[in-house]
Amino acid sequence: MQFKDFVSNDNVIADISEAAEKGTLPHAILIDGAKGTGKRTLAEILSRYAVCTAEHDRPCGVCPGCRKALHGNHTDIYIANGENSGELSVDAIRRIRADAFVKPNEAPMKAFLLLNCDKMLAPAQNAFLKVLEEPPRNVMFIMTVTSANMLLQTVRSRVRLYSLFPAEAEDAIRFLTEKYPQSDNDSIVSAVRITSGNIGQASEIIEAGGEEAQLLAQQIIKEAAFGTEYDLLVLTNKLAKDRSFAVRTLDYLVELSACCIKASVGAETNNKTAVDVASRISKKRLMNMNDNIARARKVLKTNINMNFFGTWFSSVLKA
Ligand SMILES: [Zn+2]
């Protein structure tokens, strides 16, 4: 079985592959995990597996079935998304139930994706239970939810559960580097670190060109290196608004400052801000700034008054 775009979670891949090979893939699968861990990606891979007409290594990605599925217009794949109002209501589930007994149009199997079941109400779950108890042939049901515990025990007992976790850092970096060839390595690495390997969240940060904290960190280090005291103070005062935001910004600053030092000794870095800063101030000044950023990161762990922190931080950065 092929798992294109699905990262890490090797035990899940191994389990599903083995079942697929033996022909024992269950007719009802539940995928749980935090937002961004790949639930929908896996659900879609399984749905392509259901409609792929290749002999081996399904989903092949090239047969007419796979191609239609990849374009989102395969008539044997039905998607109901709990984030859209009414799509997982009792009535909607009854329609799905009836439809499940109709033979596939063209594919070997029909796939029903019930995505984001977090708010699926008990009556709808009970309606669904009936079809899980006596499933029609050639049908695969794939549900996704943040935590399996949000569903009724009766439903959980009739599905095979696969739990997803954030990716290993190395896997995440490799995947995101391929996905975003334009992004520099440092932003990818810090996005992975900040999100602890959550591919979905890291992608969002990269697509946004860095989150607010990351952008602020870049501005602060530039102003500290070659801007005015006043402008730096305006920036560091933005840290006062909330402590966790300040912590994230300081995390980025710690990394950014390490990049500047790397750049100053001629080591390779794709981080443009770091290269810019390193080329304009002395190594001694950079080391000093690096120490003060590390110190500020520690100070944030104490009970410091956040209004005072902005002023203090600005003054030590300019020292
Ligand atoms: Zn195929």
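**Strand pairing and surroundings**

Tutor: Leucine 30 has methionine 143 as its bridge partner in β4. The model discussed here is a predicted one.

Student: How many bridges join β1 and β4, and in which sense do they pair?

Tutor: The pair leucine 30 and methionine 143 is a bridge to β4. Strands β1 and β4 are joined over five bridges, and the sense of their pairing is parallel.

Student: Which residue is the bridge partner of aspartate 32 in β5?

Tutor: Strand β1 covers residues 28–32 and pairs with β5 in the parallel sense over four bridges. For aspartate 32, the bridge partner in β5 is serine 163.

Student: In what order do the five strands of the open sheet lie?

Tutor: β1 pairs with β4 and also with β5. Strands β3 and β4 pair as well, in the parallel sense over five bridges. The open sheet is parallel, and its five strands follow the order β2-β3-β4-β1-β5.

Student: Which strands stand at the edges?

Tutor: A strand at the edge has a single partner strand, so one side of that strand is left without a neighbour in the sheet. This holds for β2 (77–81) and β5 (160–163).

Student: How many residues of β4 are buried, and which way do they point?

Tutor: In a regular strand, side chains alternate between the two faces of the sheet. In β4, Met140, Ile142 and Thr144 point one way, while Val139, Phe141, Met143 and Val145 point the other way, and all are buried. The number of buried residues in β4 is thus seven of seven.

Student: At about what angle does helix α2 run to β3?

Tutor: Helix α2 comprises residues 39–51 and lies across β1, β2, β3 (110–115) and β4 (139–145). Its direction relative to β3 is about 165°.

Student: Is aspartate 57 buried or exposed?

Tutor: Aspartate 57 is located in the loop between α2 and α3, and its phi is near 55°, a positive value in a residue other than glycine. Because aspartate 57 has 11 C-beta neighbours inside 10 Å, this residue counts as exposed.

Student: What is the omega of the peptide bond from arginine 58 to proline 59?

Tutor: Proline 59 lies in the loop between α2 and α3 (64–70). The peptide bond from arginine 58 to proline 59 is cis, and its omega is near -5°.

Student: Which helices do the buried residues of α10 pack against?

Tutor: Helix α10 (residues 212–226) spans 21 Å from its first C-alpha to its last. Its buried residues include Leu216, Ile220 and Ile221. The buried residues of α10 pack against α8, α11, α12, α13, α14 and α15.

Student: How far apart are the C-alpha centres of domain 1 and domain 3?

Tutor: The protein is divided into domain 1 (10–163), domain 2 (169–207) and domain 3 (212–318). For domain 1 and domain 3, the distance between the C-alpha centres is 47 Å.

Notes: Residues are numbered from 1 along each chain as its sequence is written. This is a predicted model: local features need pLDDT of at least 70, side-chain atom pairs count only at pLDDT 80 or more; totals for chains, interfaces and linings use all residues. Two strands pair if DSSP finds at least two bridges between them. Helices (H or I, at least four residues) and strands (E, at least two) are DSSP runs, numbered from the N terminus. Two residues are in contact if their C-beta atoms, placed from the backbone, lie within 7 Å. Axes are lines fitted to C-alpha atoms, for helices over the stretch in contact, and angles run from 0 to 180 degrees between N-to-C directions. The expected span of a helix is 1.5 Å times one less than its number of residues. A residue is buried if 20 or more other C-beta atoms lie within 10 Å of its own, exposed if 12 or fewer, and partly exposed in between; C-beta atoms are placed from the backbone. Domain bounds come from an automatic or database domain assignment.
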